[in-house]
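Here's a quick briefing for anyone meeting this protein for the first time. Have a look at the sequence and the model, then read on.

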Amino acid sequence: MSKITFLGAGSTVFAKNVLGDCMLTPSLQGFELALFDIDHERLRDSESMLTNMLGTTGSTCRVVAYTDRKEALRGAKYVVNAIQVGGYDPCTITDFEIPKKYGLRQTIADTLGIGGIFRNLRTIPVMLDFAKDMQEVCPDAWFLNYTNPMAVLTNVMNTYGGIKTVGLCHSVQVCVPWLFHDLGIDSEGVSAKIAGINHMAWLLEVTRNGEDLYPEIKRLALEKQKTKHTDMVRYELMFKFGYYVTESSEHNAEYHPYFIKKQYPELIEKYNIPLDEYPRRCINQIEGWKNMREQLVNNQHIEHHRTHEYASYIFDAMETGTPFKLGGNVMNTGLITNLPCNACVEVPCFVDRNGVTPTYVGDLPPQLAALNRTNINTQLLTIEAAITGKKEHIYHAAMLDPHTAAELSLDDIVSLCDELIEAHGDWLPKFV
């Protein structure tokens, strides 16, 4: 029996979407859906929900929960990763509250910035443990990474884990539909080309029947920008740099040195920037789960309709050979020629029985490549810190982070990093 292993299966809603989709995919019938999570209560919740879904979907898949990670991985053909190391309490709280003492404010802190750096540092060792287990019990499996920080973790699994890994993010999928919806444009029949790095990929081309739609997009965006809305940062970046970026305004506000600034407090109001947004989402999600749990976990009549999550479509393409196109995070093997070759990039990819085949993009417009490189610098130095165990590279990563460097002195950056290392305690490996 072929096997799909889901690491972080306690993410019950996401497990429902990904594995529920698998249950509804003809080529995946008969697969074992192996669940693993270090939170055994949440693991049982997901097991109960998915077992009920077997009945309502009529699937011939088999749901098995494991408390031994290596056994969950043993013989897997595909592995889905959706873990969060350290959770909201204590680690997300730490990532936000200590930087605030230094006057460094954040919105999401899960990709770049000081929060993204430390999220990486506590997650990379766990990912490399996954890779070590996989090398032993399922070395040929494809690893689908949904966990942030996407670019760094996908890079580490490919470069240091030796595991075939593709990183999957929703921002490419929703970029054009959401932009067009916000501007009141019909997205039917639209073709788009998107490439860059995760959370900072660029809408390079957008056409319908050969017509360039960017002039109309920018005209409507300029009008919309006259009133308060939720995407003001991305519109401003588009006006200044020429292209629309994939990930949301609350994310991009902290990837650049332009928007969250002590010396310009009026920018927060001007661009409608939601500081401390991620902690609010975490609290709401925790409270929401209390209300949602009974509807999902013990509902014997639970239904599922196939979603647009990439995973089941990737598995189906690999099983049947029917090609599927997606925006994937992969190593830059000459794909984007003006970005570093040791970076992880987000480009169009095709999937079939041969696996994931990324497409050649060439040079990005120079200003876009330059913006990407500011983020790649911090990504690569964070990896250097994690692999070498040298504290100095944590400092280097933070010193080169655009937002951190724009707000703090060199000495304050070092002090902040030291305080975060101490506060995280055993959530981090030891650095020298």
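Let's start with a pair of strands: β1 (residues 3–7) and β4 run parallel and are joined by four bridges, where strands pair if DSSP finds at least two bridges between them. Strands (E, at least two residues) and helices (H or I, at least four) are DSSP runs, numbered from the N terminus. This is a predicted model, in which local features need pLDDT of at least 70 and side-chain atom pairs count only at pLDDT 80 or more, while totals for chains, interfaces and linings use all residues. Residues are numbered from 1 along each chain as its sequence is written, and side-chain values use heavy atoms, with hydrogens and water left out.

**Around strand β4**
- Across from Y78 in β4 stands I4.
- β4 also runs parallel to strand β5 (residues 142–145), again with four bridges between them.
- In that pairing, V80 sits opposite L144 of β5.
- Y78 and V80 point one way from β4 (residues 78–81), V79 and N81 point the other way, and all are buried; buried means under 20% relative accessible area, exposed over 50% and partly exposed in between, with a 1.4 Å probe and protein chains only.

**Helix α13**
- Helix α13 (residues 310–320) is mostly covered, with eight of its eleven residues buried.
- The buried ones are Y310, A311, S312, I314, F315, A317, M318 and E319.
- After α13 comes G321, which has a positive phi near 85°.

**Cores**
- The largest nonpolar core has 74 residues, and I4, F6, L19, I314, F315, V347 and L364 have the most contacts inside it. A nonpolar core is a set of buried Ala, Val, Leu, Ile, Met, Phe, Trp, Tyr and Cys residues joined through side-chain atoms within 4.5 Å.
- Leaving aside residues up to four places away in sequence, L364 touches A195, G196, W202, L204, I336, N338, L339, A369 and N372; a contact here means heavy atoms within 4.5 Å.
- There's a second, separate core of 26 residues, including L7, V79, V137 and L153.

**Aromatic pairs**
- How many aromatic pairs are there? The count is eleven, taking rings of Phe, Tyr and Trp (its six-membered ring) as paired if their centres lie within 6.5 Å, with planes under 30 degrees apart stacked, over 60 edge-to-face and the rest tilted.
- F14 and Y146 have ring centres 4.8 Å apart and planes at 75°, so that pair is edge-to-face.
- F14 lies in helix α1 (residues 12–23) and Y146 in the loop between β5 and α6 (150–159), so to speak distant parts of the chain, 132 residues apart.
- F14 counts as buried at 18% relative accessibility, and Y146 does too at 12%.
- Y78 and F315 have ring centres 4.4 Å apart and planes at 25°, so they're stacked.
- F241, Y258, F259 and Y271 are linked by ring pairs into a cluster.

**The whole protein**
- In total, the protein has 17 helices and 13 strands.
- Of the 432 residues, 57% are buried.
- Along the principal axes, the C-alpha atoms fill a box of roughly 60 × 60 × 45 Å.
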